[in-house]
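This report looks at one helix, some recorded spans and a surface patch. Please read it beside the sequence and the model.

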Amino acid sequence: MLSLVPVLAGAVRVAELAGDPAVTAANARFVASPGPVVAHIVSATLYSLLGAFQFVPHIRRRRPGWHRAAGRVLVPAGLVAALSGLWMTLVYARPPADDVLLTPIRLFFGVAMAGCIVLGVLAILRRDVLAHRAWMARGYAIGLGAGTQVLTHLPWVLLGGEPGGTGRVVAMLAGWVINLAVVEWALRRRAAAPPRAPRAPRAPR
């Protein structure tokens with residue numbers, strides 16, 4: 001649900017670029033070089049929608065093969081989403097509505113997302129399941145930043161406008177920070193929880 005608005009917006013953007021769009025200040029950079037933004041939208045959509053099921057305990061326990069197969073798809077999808085986002089930040093012209101501070105912020109979280117995914121892969125290769133889950137959860141939280149940013153922009157939208165300057169910086173940064181704060185809280189809560197007692201075997205009928 002959190003990724004619904006960014007996914008729909010991405011689908012509209014891809015459909016627009018697939019046609020013959022009128023060039024505006026908002027889409028000129030995408031029309032001139034559509035490859036990176038299309039790669040970003042497709043990979044981020046796959047990562048956000050399929051990735052949600054990786055955190056369902058029932059699926060992890062009952063369908064470990066599915067979990068591993070999905071992970072082999074999600075790791076490259078997440079890396080493409082992060083790296084294409086970095087490329088667009090560095091190469092595309094900065095939109096007029098974006099404050100200059102958003103460039104280093106986007107670069108930081110793009111590198112952080114890719115780094116979390118890589119650390120998650122390295123953790124599972126050495127059979128450290130807890131570290132794997134933690135790093136993958138952090139990477140996913142960053143990847144879903146666009147969904148939370150829809151909510152952090154709402155106060156301005158409800159007042160009849162879009163934030164600009166410092167307001168946009170705060171709204172964008174808050175999306176990533178809120179997601180990471182929730183993940184860190186959940187990880188610490190889980191670590192502090194007492195271990196579950198094993199289930200008693202069922203009596204034969």
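The expected span of a helix is 1.5 Å times one less than its number of residues. Helices here are DSSP runs of H or I with at least four residues, numbered from the N terminus. This is a predicted model, in which local features need pLDDT of at least 70. Residues are numbered from 1 along each chain as its sequence is written.

Helix 6 covers residues 102-125, 24 residues that should span 34 Å, and its end C-alpha atoms agree with this because they are 35 Å apart. Its buried residues (under 20% relative accessible area, 1.4 Å probe, protein chains only) include Leu102, Phe109, Met113, Cys116 and Ala123. Among the elements that cover the buried residues of helix 6 are helix 3 (34-51) and helix 10 (166-192). Just after helix 6, Arg127 has a positive phi of about 65°.

An unreviewed UniProt entry lists residues 105-125 and 137-157 among its "transmembrane region" spans; such annotations may be inferred rather than shown by experiment.

Which residues form the nonpolar patch on the surface? They are Met1, Leu2, Leu4, Val5, Leu8, Val150, Leu151, Leu154, Val157 and Leu158, with about 960 Å² of accessible area together. Helix 1 (4-18), helix 8 (145-152) and helix 9 (154-158) each supply at least two of the patch residues. Leu151 lies in helix 8 and counts as partly exposed because its relative accessibility is 49%, where partly exposed runs between the buried limit and exposed, over 50%.

Technical notes: Predicted model: local features only at pLDDT ≥ 70, side-chain atom pairs only at ≥ 80, totals over all residues. Heavy atoms only, no water. Contact = heavy atoms within 4.5 Å. Patch = residues over 30% accessible without salt bridge, like charges linked within 9 Å, V, L, I, M, F, W, Y side chains within 5 Å. Areas by Shrake-Rupley, 256 points an atom, 1.4 Å probe, with all protein chains shown as cover. Salt bridge = Lys/Arg side-chain N within 4 Å of Asp/Glu carboxyl O.
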